[in-house]
Amino acid sequence: MRKPAPADWPIHPLLAERWSPYAFTDEGVAEEELMALFEAARWAASSYNEQPWRFIVARREEPAAFAKVLSCLVPFNQGWAGRAPVLALGLVQTLRPGDGSPNAAAQHDLGLAAASLTVEATHRGLSVHQMSGIVADRIRDAWALPDDVLPLTALAIGYAASLAATREDLRDRQRRPRERQRLPGFVFGERWGEPAPFLVGDPRD
């Protein structure tokens, strides 16, 4: 199933093709593919090259580990993400290891790493559905996390299933058209809330 973005301006096909399915096929993800995904995350940009992202990953071939990660999702996400062949948790180290000062860019940098991973996944025909619906305290307890490590997100990784193979109660979400606010709604210029000058005169408005 494909849901390319109806972009107003031409963008790279990998960005347009990326979307977040609620259903995955039963096909597993090869170890080499997973290594490539996290290699892409490895080479994301980060503030002062601190690389504060951390990932906990489990495959369905590892039932105990998979169940442990799955149990740390909120119930709604458990209901559909349990069919994905790979689950991951995204965490950040909130303090800089050199001097112990707060890393204000840590969450931003995790986002960059996850985005790089997602683009690499799209390139390989894989899909990634990122989630904020996690139970952070459960993750903290289950992995005895250090105090300066913050659980933030989860990722379901696999091959997108067809609409017919999607759970009936999720089909409306799966088929829903992709929408985004237009550029003038978030790209500002000299005054807050006013579109940047290069957006003025957009013939699509």
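Modeller: Happy to. Let us begin with arginine 96, placed in the loop between strand 2 (86-93) and helix 5 (106-123). Helices (H or I, at least four residues) and strands (E, at least two) are DSSP runs, numbered from the N terminus. This is a predicted model, in which local features need pLDDT of at least 70 and side-chain atom pairs count only at pLDDT 80 or more, while totals for chains, interfaces and linings use all residues. Residues are numbered from 1 along each chain as its sequence is written, and side-chain values use heavy atoms, with hydrogens and water left out.

Colleague: Why is arginine 96 called buried?

Modeller: Buried means under 20% relative accessible area, exposed over 50%, and partly exposed in between (1.4 Å probe, protein chains only). Arginine 96 has 14% relative accessibility, so it counts as buried. Not counting residues up to four places away in sequence, arginine 96 touches Ser47, Tyr48, Glu50, Ser101, Pro102 and Asn103; contact means heavy atoms within 4.5 Å.

Colleague: And what makes asparagine 77 buried?

Modeller: The relative accessible area of asparagine 77 is 8%, so it is buried by that cut-off too. Asparagine 77 sits in helix 4 (residues 75-81). Its contacts, leaving aside neighbours within four places in sequence, are Gly82, Met131 and Gly133.

Colleague: Why is helix 2 called oblique to helix 5?

Modeller: The axes of helix 2 (residues 31-42) and helix 5 come within 7 Å and cross at roughly 140 degrees. That angle makes helix 2 oblique to helix 5, because angles under 35 degrees count as roughly parallel, over 145 as roughly antiparallel, 65 to 115 as roughly perpendicular and the rest as oblique. Axes are lines fitted to C-alpha atoms, for helices over the stretch in contact, and angles run from 0 to 180 degrees between N-to-C directions.

Colleague: Which residues meet there?

Modeller: Ala36, Leu37, Phe38, Ala40 and Ala41 of helix 2 meet Ala113, Ser116, Leu117, Glu120 and Ala121 of helix 5. These divide into 8 nonpolar, 1 polar and 1 charged; Ala, Val, Leu, Ile, Met, Phe, Trp, Tyr, Cys and Pro count as nonpolar, Asp, Glu, Lys and Arg as charged, and the others, Gly among them, as polar.

Colleague: What makes strand 1 and strand 3 edge strands?

Modeller: The open sheet has 4 strands in the order 1-2-4-3, with antiparallel pairing. Strand 1 (53-59) and strand 3 (127-131) each pair on one side only. Two strands pair if DSSP finds at least two bridges between them, and strand 3 pairs with strand 4 (residues 149-158) over 5 bridges.
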